[in-house]
Each structure stands twice: as C-alpha cells, then as structure tokens.
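Dear colleague,

Please find below the structure I am handing over to you, followed by a summary of the findings.

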Amino acid sequence: MHTSTTSTVPLEPWTAAQLQHATQGHWHNGRAPSTQIKRILTDSRHAEAGDVFLALKGERFDAHDFVAQVAANGCQIAIVEHPLDLDICQLVVLDTRLALGHLGAYRRQQYPDLQVMALTGSSGKTTTKEMLGSILSRLAPTLVTRGNLNNDLGVPMMLLELKPEHRYAVMELGASHQGEIDYTSQLVQPHVAGILNIGTAHLGEFGGRDGICRAKSEIYHHINAAGTSIVPANDDFTQQIRQAVRTQKHLSFGDGGEVYATDVVLHAQSSEFHLHTPRGQAHVILPFAGEHNVHNALAATAFALAMGIELNDIVTGLEHAQGAKGRLNFIRHQQHLFIDDTYNANPGSMRAAAGVLAQQTGVKVMVTGDIGELGDASTQEHFDLGHDLVLEAIDYVVAVGEYAAAMQQGAQRSKHPEKLTAFATQADALPFLIELTHQHQPQSMSFLFKGSRYTHMETLMADLMEKL
C-alpha cells in the first residue's frame with residue numbers, strides 16, 4: 001500500500017494555539033497544554049500521552065462517553081462540544097465533526113506546495129487510487145487515501161496524516177448525500193480532480209442517477225483555478241459532467257477521449273493494451289483483469305498526465321500497481337482458484353466481475369451477496385442482475401441474502417434459469433458450494449465472491465476454503 005504508514009518521518013506536531021486557531025474553540029477554564037501534540041485521534045482505543053482525543057458524536061454513539069477512559073490511559077487533551085468534569089485540558093468547540101474538518105483543512109493549508117489529486121465515481125475509485133499511488137510514489141513520497149476513509153470524517157483524518165516530506169496526495173472522495181463532496185473537496189483543495197463514472201451506487205440516497213451525477217460533480221467546485229478537470233469521455237452523463245467543469249484546462253479519458261486504449265487483450269488475470277495520450281503512445285501490460293480495469297488505468301493516466309508526470313513513469317507505475325485487499329485478488333487453494341472481490345459491490349462492478357470470472361478456466365462459480373444502498377430500486381436492480389449474470393459464460397451463480405430471491409426471479413426470465421440458485425443465508429449456501437466441488441471432482445473450479453461490504457462475503461469464501 002502506498003500510504004503514509006510506510007514513512008518513518010513523524011507527523012508534524014501541533015501547538016495548543018494552532019488547535020484553537022483551526023477550530024475557533026476555547027480552552028476550558030483557560031487551561032491549554034504547554035507541550036507539543038503529536039496526533040489527533042478519534043479512536044479512543046489508541047489515544048495515549050501526547051495525543052488529542054477528538055470526541056465525535058453520531059446518531060448512535062457519543063464519544064464524549066469515552067473521554068474519561070482515554071484520560072485514564074494517559075491522554076490529557078480532548079476536543080469536546082461541552083466541558084466534562086475531568087482533570088484534563090479540554091478544547092471546547094461548537095461541533096466536533098466540523099472541528100475535525102477545520103483541522104484537516106488547516107493541515108492541508110500548511111503545505112501549499114503539495115500537489116493534490118481528488119477522484120470520485122460510482123465504481124473503480126479504490127483501484128484507480130492504487131494505480132495513481134503506484135505511479136506517484138515511485139517519484140516522490142505520496143499520501144494515498146487508506147481503506148474507505150473517503151467521507152466527511154475520513155477525508156480530514158487522512159489530511160491529518162500529511163507530513164512535510166509528502167509531494168503528492170491522492171484523495172478518494174465518496175458521496176452518501178448531496179453536499180458531501182463539495183465539503184470534502186473544499187478541504188483538500190485539489191489541483192486535479194474528476195469523476196470516473198456515474199453508476200448506480202448509493203442510488204437510494206440520491207433518488208436516481210441524475211442526483212448521483214449532481215453529487216459527484218461537486219468535485220469540480222474547488223479545483224485550483226490553474227488546475228485540470230478530468231472527465232470521462234464515454235459516460236451516460238458526460239454532457240452533464242462537462243457542464244459542471246469550471247477550469248479552463250480539462251482532460252478526457254475513455255472511448256472518444258484524449259486518453260484512450262486500442263488493441264485491448266483481456267487475459268485471465270491481467271490485460272494489455274495500446275495507450276494513446278496527447279503526450280505520445282505506449283504499450284501497457286496491466287496486472288489487473290477485466291475491461292473495467294483498463295478503463296481505470298486510462299483514468300489514472302489522465303490524472304497523472306494532468307500532474308505533469310512523464311508517460312514512461314506512468315507506464316512503469318501501472319505495470320507495477322497492486323490491487324487493494326478484496327479487489328479481484330486471485331488466490332490458489334488446492335486445485336481451485338478463489339477470486340476475492342468482496343470489498344464492495346454495485347450493479348456495474350458486479351457485472352464487470354462476472355466478465356472477469358468468465359475469462360477463467362474450469363468450472364466457474366459466482367457467489368453473490370446483496371448490494372446495499374439501492375433504495376426503492378433494490379428489488380428491480382437485483383432482478384436485472386440475476387437476469388444478466390446467468391447470460392455470462394459462467395456455470396453457476398449462487399445468490400445469497402435478502403435479495404437472492406429477486407435475482408432468482410430475474411434468472412427465470414432468461415435463457416438459463418437453471419444456472420442460478422438462491423439462498424437466504426451463507427450457512428444455507430455453504431453445503432451447496434461444498435457439494436458442487438464434490439460433484440465436479442477432479443476438475444478445477446474458479447470461484448468469485450462479491451457483495452456489498454456489510455454482507456461479509458469473505459466469510460463464506462474462507463469457510464468454503466476451510467472445508468476443501
């Protein structure tokens with residue numbers, strides 16, 4: 001992983017005056033710490049002497065309840081919304097959630113020479129981010145969004161990890177409601193920013209793809225005036241996206257764009273293509289399977305070109321990139337192949353994963369969990385998915401979860417209803433999967449597991465591997 005965690009350079013310390021200035025809070029009873037502060041944390045389990053514990057409040061939790069515990073562990077400074085009857089330094093602010101944002105923005109502003117990229121999209125964000133991290137971290141120290149720290153809490157937490165050594169930052173921005181990307185892009189102040197695609201992820205929150213497009217397009221609001229906007233050339237919403245662009249400079253990628261691929265060859269666990277850019281052409285051997293990952297590589301190329309990165313450095317970075325955990329990871333177990341794509345799912349990425357499975361050898365089994373955040377469209381989206389997946393060149397679809405029945409109904413409207421079997425729970429599905437391996441002995445099998453994060457499909461994958 002190309003993140004700040006690999007660095008040995010310590011974080012820049014904070015002073016009490018900086019904390020107060022950034023948050024516009026006040027020190028309770030005028031009692032401010034006199035020593036430098038090494039970290040600002042929101043996780044009470046890790047707060048220790050020299051740290052500041054920032055007490056967030058949510059719908060179902062209030063971290064003010066943990067301040068006494070962190071004080072007992074040696075942490076003597078807290079950022080709170082109201083004073084607590086504790087013998088520690090307390091910076092009182094109006095809203096700790098906003099205070100976290102102010103602190104992240106303050107840290108970002110301390111590094112005016114930092115070159116920042118911000119990206120969003122319905123799918124491909126994590127992989128494109130890792131590709132960019134691979135390109136840039138070979139050239140200079142680079143901060144890359146870790147895991148899913150891409151929301152209004154995660155983005156400022158990543159900004160707090162900035163260090164003087166960093167020359168680049170790759171920030172992934174997610175949207176679960178209107179205004180969120182406007183807020184986070186204002187914090188990160190990118191030089192280059194753009195949308196990868198407009199899909200159906202988070203459909204429920206936005207009431208349709210038009211709403212998703214509006215929410216994602218907020219990423220163009222805060223790009224440096226001299227910076228570059230990145231635009232997908234061949235998306236259903238390309239016209240609307242272009243209308244949101246505010247910078248003079250822009251760069252498009254994909255079919256019909258300025259950065260595009262020809263001679264694409266998809267292998268079982270990799271792909272290769274001829275890369276065309278305004279700065280020249282190159283052949284790329286990409287260690288990622290699937291046409292969607294060629295698209296992600298084109299996006300990464302566009303971002304890197306906009307940052308002034310040379311084409312040969314981009315190709316080297318792409319060819320050495322590694323996927324994130326749970327993103328099409330290929331695992332050999334006995335004579336079988338297990339493809340772990342359990343990190344998350346939306347309808348588009350589910351179909352793309354089926355295409356990757358179809359490229360594999362042996363008996364091909366796709367094991368799907370529910371897709372969340374589709375709102376009122378959930379049943380219809382799963383119905384359509386069941387219909388489409390059984391048309392792929394795969395042998396079995398094993399649907400697990402609340403919407404497995406909807407997928408089965410969709411499959412029954414297709415030419416191959418027999419391919420899909422539905423189960424309510426993972427425990428119900430496991431014996432069927434074990435029986436499939438017995439039934440097809442001694443053939444090798446390729447299993448692909450995928451579902452939304454909350455379904456924990458990796459658990460079912462691990463259980464099956466253990467039984468073989």
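In this predicted model, Asp-152 and Arg-97 form a salt bridge through their side chains, with an N to O distance of 3.2 Å. Asp-152 is placed in the loop between strand 7 (142-144) and helix 5 (154-159), whereas Arg-97 belongs to helix 3 (residues 96-109), so the pair ties together parts that are 55 residues apart in sequence. Asp-152 is buried, at 12% relative accessibility, while Arg-97 is partly exposed, at 31%.

A salt bridge also joins the side chains of Arg-146 and Glu-161 (2.8 Å, N to O). Arg-146 sits in the loop between strand 7 and helix 5, and Glu-161 in the loop between helix 5 and strand 8 (168-172), 15 residues apart. Here Arg-146 is partly exposed, with a relative accessible area of 26%, and Glu-161 is buried, at 16%.

Arg-39 pairs with Asp-51 in a further salt bridge, the closest N and O atoms being 2.8 Å apart. This pair links strand 2 (residues 39-41) to strand 3 (residues 51-54). Asp-51 is buried at 0% relative accessibility, and Arg-39 is partly exposed at 26%. The whole structure contains 13 salt bridges.

His-191, in the loop between helix 6 (180-188) and strand 9 (192-195), is buried, with a relative accessible area of 14%. Its contacts include Arg-108, Leu-114, Ile-223 and Thr-228.

Finally, an unreviewed UniProt entry lists residues 326-436 as "domain: Mur ligase C-terminal". Over residues 326-436 the chain is 40% helix and 23% strand.

Yours sincerely

Note on methods. Residues numbered from 1 in each chain as written. Predicted model: local features only at pLDDT ≥ 70, side-chain atom pairs only at ≥ 80, totals over all residues. Heavy atoms only, no water. UniProt positions renumbered as here; feature names shortened; annotations may be inferred. Helix = DSSP H or I, 4+ residues; strand = E, 2+ residues; numbered from the N terminus. Buried < 20%, exposed > 50% of the residue type's maximum accessible area, 1.4 Å probe, protein only. Contact = heavy atoms within 4.5 Å. Salt bridge = Lys/Arg side-chain N within 4 Å of Asp/Glu carboxyl O. Lists of a residue's contacts leave out its neighbours within four places in sequence.
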